[in-house]
Amino acid sequence: MRTQKIKAVKPTVHIVEKVLLNPYNPIVVNLIGAGGTGSQLLTALGRMNHALIELHHPGLMVRLFDDDKVEPANLGRQLFPSADLGMYKAVSLINRINLFFGTNWKAVTDKYNRQTILADPELKMAEITISCVDTVSARFEIADLLMEFDNRMSYTRNRPLYWMDFGNSKYTGQVVLATLKNITQPESKKFEVVDSLPLVTEEFGELLRKAETTDNTPSCSLADALGKQDLFINSALANLGASLLWQLFREGMLVNRGFFLNLKDFRTTPIKVNAVAKEITMPPKPRQRKAA
C-alpha cells in the first residue's frame with residue numbers, strides 16, 4: 001500500500017520593509033500620546049535608538065504628540081516629577097530624553113488630528129506611527145488620517161509604512177502592528193509571506209466600539225487613577241511592545257504582529273502573522289443559496 005507524503009506547513013511571516021533595516025537617515029517615528037503608556041514607551045525608544053546607533057544603524061527621530069499638561073494625578077503612574085506640574089507632557093518628556101541620550105527629538109503640543117495635520121502635512125510623514133491614546137474615536141481618526149496618504153507620494157522620504165497601536169483597561173491590554181500599504185515580499189521556499197497586516201480598527205473595530213467607556217472624566221488623584229488602571233499595566237505593555245518593535249529592526253522578519261496581555265493572570269497571548277491577516281483585506285465570498 002502506497003503511503004501518502006505529509007506536506008510540510010510553511011511558517012507564515014511578514015518580511016519587514018527594507019528601508020527600515022538599511023536606511024540612509026534616521027527612521028521617523030510619530031508617537032501619539034504622552035500618558036501612562038506613551039511616557040514609558042518614549043524611554044524605551046530612547047534606549048532602542050542608542051542601541052541601533054551602536055549597531056551602525058542611523059537610529060530614530062521621534063516626534064511626541066500630546067496637548068495635555070502634567071497634573072498631580074499623573075505623578076507616580078506616569079513618568080513625571082512634581083517639578084513638571086503645569087508643563088506640557090510632551091515638552092517635559094522630550095526635554096528629558098534629549099538631555100539624557102543627546103538626541104534632538106521634537107515635542108508637538110497639539111493633538112494628532114485632522115486640524116493639526118492640515119496645518120502642517122509634513123507631520124504625517126513618518127515611517128512608523130505609534131498610538132497610545134485613551135479613546136476609540138481617536139484611534140479611528142488616526143486610522144483615517146494614515147490611510148488618506150496620497151499614493152502619488154509613495155516614493156517620498158518618510159512615507160507612512162507601519163502603525164502600532166497600544167490599548168489597555170485596568171489589568172489587560174493589547175498591542176497590534178499593522179501595515180499602511182502592501183509591503184513587497186521576497187519569494188521564499190521556506191516561509192509563507194504576508195504583505196499586508198490589518199489595522200486594529202478593521203480587525204477589532206466592533207470590539208473597540210463595545211469596549212468604549214462613557215466615563216472620560218480626568219482622575220483628580222493617583223488613587224483615583226489607580227482605580228481605572230493598574231500601576232504597572234502601562235509599563236508592561238510598553239516594554240513588550242518595544243520588544244516587538246526591536247524584533248522588527250533586528251530580525252527583519254515577524255512571526256507575531258502583536259499580543260494580548262492579562263497582567264492579573266501574568267499571561268501573554270501572541271497575535272500571529274497568519275492567513276487570517278490576508279483574508280481580512282480581501283472581500284468576503286458571496287454566499288451560495290441552498291437549492292429549494
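**Strand and ring pairing**

A: Val13 has Val193 of E8 as its bridge partner. The model is predicted: local features need pLDDT of at least 70 and side-chain atom pairs pLDDT 80 or more, whereas totals for chains, interfaces and linings use all residues. Residues are numbered from 1 along each chain as its sequence is written, and side-chain values use heavy atoms, leaving out hydrogens and water. Strand E1 (residues 12-15) and E8 pair in the parallel sense over two bridges; a strand is a DSSP run (E) of at least two residues, a helix one (H or I) of at least four, each numbered from the N terminus, and pairing requires at least two DSSP bridges between two strands. The open sheet has three strands in the order E8-E1-E9, with mixed pairing. Its edge strands, E8 (192-193) and E9 (253-254), each pair on one side only.

Turning to the rings, the whole structure contains three aromatic pairs (Phe, Tyr or Trp, the last by its six-membered ring, with centres within 6.5 Å; planes under 30 degrees apart are stacked, over 60 edge-to-face, the rest tilted). Among them, Phe65 and Tyr112 have ring centres 5.1 Å apart and planes at 85°, so this pair is edge-to-face. Phe65 belongs to strand E3 (residues 60-65) and Tyr112 to the loop between strand E4 (106-108) and helix H4 (114-119), so the pair ties together parts 47 residues apart in sequence. Both Phe65 and Tyr112 are buried (under 20% relative accessible area; exposed is over 50%, partly exposed in between; 1.4 Å probe, protein chains only). The rings of Phe100 and Phe101, with centres 4.9 Å apart and planes at 70°, are also edge-to-face. Phe100 is exposed at 67% relative accessible area, while Phe101 is partly exposed at 25%.
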